[in-house]
Amino acid sequence: MTGIFILLFLVIAGGFFLRSALADMLPFIKDEFNIIFKKARLSEEQKSYLSKYHPYYQQLSSTYRTEFEKRTALFICGRKFTPKGTIAEVSELQKVLIGAAMVQLTFGLKPLYFPRFKHIMLYPGEYINPFTKKAHRGEATNRGFMVLSWKHFLEGYAFPSDALNLGIHEMAHALRIEDRTSHDGEHQFIDPKHWREWDRNAIPIFKAVGEGSQTFLRKYASENSEEFFAVCVEYFFEKPEDFRKNLPILYSSMVKILNQDPARRVFRCIA
Ligand SMILES: [Zn+2]
């Protein structure tokens with residue numbers, strides 16, 4: 001008789017355990033399904049954030065807007081957003097605008113997801129990096145996470161023509177890391193010959209910025225080749241006409257890498 005009670009107890013306890021394990025697993029399974037089958041969609045409210053606050057999205061045709069929304073939804077889906085400092089919760093608005101920074105950067109390319117950067121931490125402002133012990137506004141590291149200061153992220157969009165955009169800058173670092181990293185499903189999505197051309201054209205300008213004989217790009221571009229690329233991406237989207245006029249060869253290399261030409265309002269050069 002005791003054996004039957006023990007068996008009954010095990011069956012009931014097992015049932016509860018299975019149910020709670022399944023409940024935990026379901027959102028994850030749903031997200032993975034949506035990512036694999038590209039089923040993720042933005043709600044009407046999430047779309048309204050793009051219409052209100054995203055200058056790039058506002059310029060798109062209705063067909064491109066639909067695609068932009070789908071790509072943004074795909075980026076958010078299954079992504080872990082961690083609030084830091086005084087931020088209690090990462091809002092839908094914050095998630096949408098962070099995703100939109102990545103989508104803007106990669107809109108000329110095949111749909112990308114940046115699987116290496118599954119974890120994004122959001123601080124209200126500058127934060128102290130535990131390794132460098134210095135104040136940072138953002139980072140996208142080889143270790144596969146991204147950190148952003150919301151204050152500086154927002155300023156990037158509040159002043160869309162000053163060639164300062166933290167979100168696009170960090171996504172540009174992430175793009176280089178993803179393109180170099182194999183084993184995560186997104187690798188070498190940019191033709192290596194475009195990178196070779198970029199390096200050839202960038203080296204003399206990088207040196208000139210460092211020496212102070214080239215003043216169009218801000219001095220920070222001469223930190224290293226990664227910062228040079230990320231800073232150029234900010235100029236590419238926020239001062240495209242000036243970039244093309246001042247550094248036409250480098251601008252045309254960037255057009256090839258990203259397959260878009262903002263100076264001519266072309267969002268996808270080769271469809
Ligand atoms: Zn940087």
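1. Two residues are in contact if their C-beta atoms, placed from the backbone, lie within 7 Å. By that rule, and leaving aside neighbours within four places in sequence, V209 is in contact with Q214, L217, K219, A221 and S222.

2. A note on the basis. This is a predicted model: local features need pLDDT of at least 70, side-chain atom pairs count only at pLDDT 80 or more, and totals for chains, interfaces and linings use all residues. Numbering starts from 1 along each chain as its sequence is written.

3. The overall count. The chain has 11 helices and six strands. Helices (H or I, at least four residues) and strands (E, at least two) are DSSP runs, numbered from the N terminus. Buried residues make up 36% of the 271 residues. A residue is buried if 20 or more other C-beta atoms lie within 10 Å of its own, exposed if 12 or fewer, and partly exposed in between, with C-beta atoms placed from the backbone. Among contacts with a separation of 6 or more, 66% link residues 24 or more positions apart.

4. Back to V209. This residue lies in helix α8 (residues 192–211). V209 counts as buried because 22 other C-beta atoms lie within 10 Å. E223 is 14 residues from V209 in sequence, and the two are 9.6 Å apart in space, C-alpha to C-alpha.

5. The strands. β1 (residues 80–83) and β2 (residues 119–123) run parallel, joined by four bridges. Strands pair if DSSP finds at least two bridges between them. P83 stands opposite L122 in β2. β2 also pairs with β6 (residues 145–149), in the parallel sense, over five bridges. There, H119 has F145 in β6 as its bridge partner.

6. The crossover. β1, helix α5 (residues 92–106) and β2 make a left-handed β-α-β unit. For reference, a crossover is right-handed if, with the strands pointing away from the viewer, the path from the first strand over the helix to the second runs clockwise. α5 is mostly covered, with 13 of its 15 residues buried. From first C-alpha to last, α5 reaches 21 Å, close to the 21 Å expected at 1.5 Å a residue; the expected span is 1.5 Å times one less than the number of residues.

7. Beyond its neighbours within four places in sequence, V233 is in contact with L105, I168, H169 and A172.
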